[in-house]
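Let's take a friendly walk through one protein model. Have a look at the structure first, and then read on.

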Amino acid sequence: MNVIAQIFVVIAGLFHVVVFAMESLLFRKPSTYGRFLVKETEVEAARPWAFNQGFYNLFLAIGALGGLIWGGDKGHAIALFACACMAGAGVVLVASDRRMARAAAAQAVPPIVALVLAAVL
């Protein structure tokens, strides 16, 4: 995998680590749960979902970053598979709620760029 694609894999992985922290560790903060369009009255009901979802994001980040660290064809395949999952999740996010288009783009664009660059360069 070329270096430019690897940079976008790292960006995608780090983004998902940040989202893990927001969903699993910082979710009770109004500035955090508001980003997910959750109202104050819904926080306690949404918290278990957010905690679980945060770990999904962490596991995707581990796949992307760990695959790069592992290296070689197998490691890069794992990293690109994680990127494909990230991109798919971004598409599902915007399809489920158009108000989340900015978040979906932040989630999906770096891994899509990584996938395209890995395929063409």
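V116 sits in helix α5; helices here are DSSP runs of H or I with at least four residues, numbered from the N terminus. The model is predicted, with local features needing pLDDT of at least 70 and side-chain atom pairs pLDDT 80 or more, while totals for chains, interfaces and linings use all residues. Residues are numbered from 1 along each chain as its sequence is written, and side-chain values use heavy atoms, without hydrogens or water.

How open are two of the residues? Buried means under 20% relative accessible area, exposed over 50%, and partly exposed in between (1.4 Å probe, protein chains only).

| Residue | Relative accessibility | Class |
|---|---|---|
| V116 | 46% | partly exposed |
| L121 | 58% | exposed |

L121 lies in the segment after α5. Together with I4, I112, V116 and V120, L121 makes a nonpolar surface patch of about 460 Å². Patch residues have over 30% relative accessible area and no salt bridge, and nonpolar side chains are joined within 5 Å. Helix α5 (residues 101–120) gives the largest share of this patch, three residues.

Now to helix α4 (residues 72–96). Its 25 residues should span 36 Å at 1.5 Å a residue, and this agrees with its end C-alpha atoms, which are 36 Å apart. The expected span is 1.5 Å times one less than the number of residues. Among the buried residues of α4 are G75, H76, A79 and C83. Their cover includes α1 (3–25), α3 (43–70) and α5, where contact means heavy atoms within 4.5 Å.

How values were computed
Patch = residues over 30% accessible without salt bridge, like charges linked within 9 Å, V, L, I, M, F, W, Y side chains within 5 Å. Areas by Shrake-Rupley, 256 points an atom, 1.4 Å probe, with all protein chains shown as cover. Salt bridge = Lys/Arg side-chain N within 4 Å of Asp/Glu carboxyl O. Helix = DSSP H or I, 4+ residues; strand = E, 2+ residues; numbered from the N terminus.
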